[in-house]
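Hello,

Here is the structure you asked to look through.

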Amino acid sequence: MVSQNPGPWMVDNPPIQPERGGEDAYNAPCAGESECNCYPLGMRHTSGDRERVDLETEREAPVPMKILLLDDEAFELRLMEHQLRRVGFTELTSCQDASEALAVIDDPRTTPDAILCDLQMPQMDGVEFVRALGDRHYAGVVVLVSGEDERILHSVERLAKAYELQIPGIIHKPVTKEALQALLDVPEARPTGATTSPFHREHTARQLQAALASGDIVNFYQPQVDLQSSRVVGMEALVRWMDPEDGLILPGQFITLAEEHGLIDDLTRRVLALALDDLAIWRRAGLDLTVSVNVSMASLSALNFVDLVSAEIERAQVPPANLVLEVTESRLMQDRRGPLDILNRLRLRRIGLSIDDFGTGHSSLVQLRDIPFTELKMDQSFVHGAHHDPSLQAMLEANLRMARELSMTTVAEGIEDIADWDYLASTDCDLAQGYFVARPMPAGDVMDWIAGWTGPRSKPVSPSL
Ligand code: C2E
Ligand code: MG
Ligand code: MG
């Protein structure tokens with residue numbers, strides 16, 4: 001669809017019509033109505049432009065990712081388009097208006113895999129746009145771009161995360177090729193060739209039950225590394241649903257479903273059994289690791305839980321102390337006695353207990369008072385960026401002091417770059433976990449990853465490489 005109200009760049013650089021027969025779902029015009037000035041960039045290269053792009057994409061393999069750019073400034077859009085093409089992205093749709101962008105997003109033929117969004121726009125600002133994406137449960141990647149000051153960017157980033165949007169990072173204007181390249185590389189979905197579906201399709205409890213039975217529920221693992229020695233000391237199991245149609249589905253999309261439909265015990269049992277089997281394999285290969293498994297509070301009401309965990313440990317023939325159960329209070333407990341009873345009995349059997357997401361509303365001092373935790377995991381919202389934020393530092397260091405006095409191991413989640421690593425290494429936090437060290441990976445990749453890990457200094461500075 002060609003604009004009725006073209007932005008200034010279109011005058012210099014008029015759209016060309018797509019070749020006949022080449023109009024596939026990606027090249028389909030914007031779903032917006034007649035005033036829409038969005039269109040895939042592939043439709044509007046001049047022939048000279050196209051030759052240049054082809055040459056460049058021959059040098060760098062084209063990445064088949066659909067990207068939507070939203071900025072009210074035509075010049076900024078052109079700059080981003082240019083930089084994106086330089087790093088090999090060709091499926092680009094540009095919009096100067098947020099409501100047009102939402103029309104593109106709502107049309108399944110044009111739904112982007114990633115959105116680059118300016119924060120300051122006249123009709124609908126970046127905060128409203130983020131809210132609209134959250135309401136749609138948009139599951140693609142959202143990169144916030146702005147000339148605003150750091151604190152505003154970070155607080156909108158936090159808001160976007162509260163809406164469970166995938167935010168790999170933020171970009172300051174002017175947008176550079178390197179920043180785009182770093183943020184739009186989303187490697188977690190790649191090891192198996194699977195992609196996360198851009199929208200949360202509603203899955204039913206019956207489908208989840210079938211996935212549990214058919215083995216489509218699998219574990220990915222994310223390393224935990226000693227901040228002083230860089231030694232790999234453990235792996236956190238993070239559940240994934242490998243749906244044959246929708247690809248890789250993240251736990252945020254099905255844990256509540258499992259809890260609400262009585263499937264959480266089956267899910268926990270599956271994750272635990274896989275994790276202990278993998279732990280046994282790693283131990284046989286001479287790796288002394290712990291494995292951490294997330295346990296929903298809902299599972300801790302089943303009184304046979306302790307026996308179930310003990311039976312799995314026995315079956316896999318691994319020491320109980322090498323298993324850590326991570327607990328977050330995902331919803332308010334009506335009756336706390338059941339979980340307290342179970343957690344204390346698990347601890348008596350030498351199983352490690354970790355309080356996950358510490359510092360968020362759900363994981364708090366009350367739990368710390370009542371449960372004999374051995375490990376405290378600082379929530380990523382206190383970790384990433386703490387190196388330049390004195391108030392985060394104050395909170396984080398107070399938590400570390402408290403954990404030290406309680407003889408707990410401390411883990412910092414959300415280490416996303418070398419600055420995060422360096423800051424945490426300068427505190428007395430024990431372990432690091434986060435994208436900077438490694439993204440969650442399939443079980444089959446763990447041993448190779450450990451063999452290749454030589455510490456933070458050998459890594460490039462970019463968070464996602
Ligand atoms: P969690 O236990 O706090 O796990 C950490 C989450 O943060 C993971 O998301 C991980 O991929 C992500 N993450 C790791 N490093 C970074 C980083 O540097 N930056 C950012 N922004 N994120 C990072 P994931 O795998 O989507 O899991 C989300 C949550 O789902 C987990 O949070 C956990 O509460 C829950 N979950 C995962 N697996 C299970 C499970 O088997 N059972 C239960 N009940 N819950 C699970
Ligand atoms: Mg966890
Ligand atoms: Mg956590």
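**Overall fold**

In the protein, 71% of the contacts with a separation of 6 or more are between residues 24 or more positions apart. Keep in mind that this is a predicted model. The protein has 465 residues, and 42% of them count as buried. Its secondary structure comes to 17 helices and 16 strands.

**Around ligand 1**

Ligand 1 has 23 residues around it, and the nearest are Leu238, Val239, Asn294, Gly434 and Tyr435. Two or more residues of this shell come from each of the strands β8 (232–243), β10 (290–296), β11 (323–328) and β12 (352–358). Of the elements, β10 contributes the most, with three residues. Sorted by class, the shell consists of ten nonpolar, eight polar and five charged residues.

**Two loop residues**

Histidine 137 sits in the loop that runs between α5 (126–135) and β5 (141–146). Its phi is near 55 degrees, which is a positive value in a residue other than glycine. Is histidine 137 buried, exposed or partly exposed? Histidine 137 counts as partly exposed because it has 15 C-beta neighbours inside 10 Å, while a buried residue needs 20 or more and an exposed one has 12 or fewer.

Glutamate 164 is found in the loop between α6 (150–162) and β6 (170–172). Here phi is near 65 degrees, again a positive value in a residue other than glycine. Glutamate 164 has 15 C-beta neighbours inside 10 Å, so it counts as partly exposed.

Regards

Terms used: Residues are numbered from 1 along each chain as its sequence is written. Chains are lettered from A and ligands numbered from 1 in the order in which they are written. This is a predicted model: local features need pLDDT of at least 70, side-chain atom pairs count only at pLDDT 80 or more; totals for chains, interfaces and linings use all residues. A residue is near a molecule or strand if its C-beta atom, placed from the backbone, lies within 6 Å of it. Helices (H or I, at least four residues) and strands (E, at least two) are DSSP runs, numbered from the N terminus. Ala, Val, Leu, Ile, Met, Phe, Trp, Tyr, Cys and Pro count as nonpolar, Asp, Glu, Lys and Arg as charged, and the others, Gly among them, as polar. Two residues are in contact if their C-beta atoms, placed from the backbone, lie within 7 Å.
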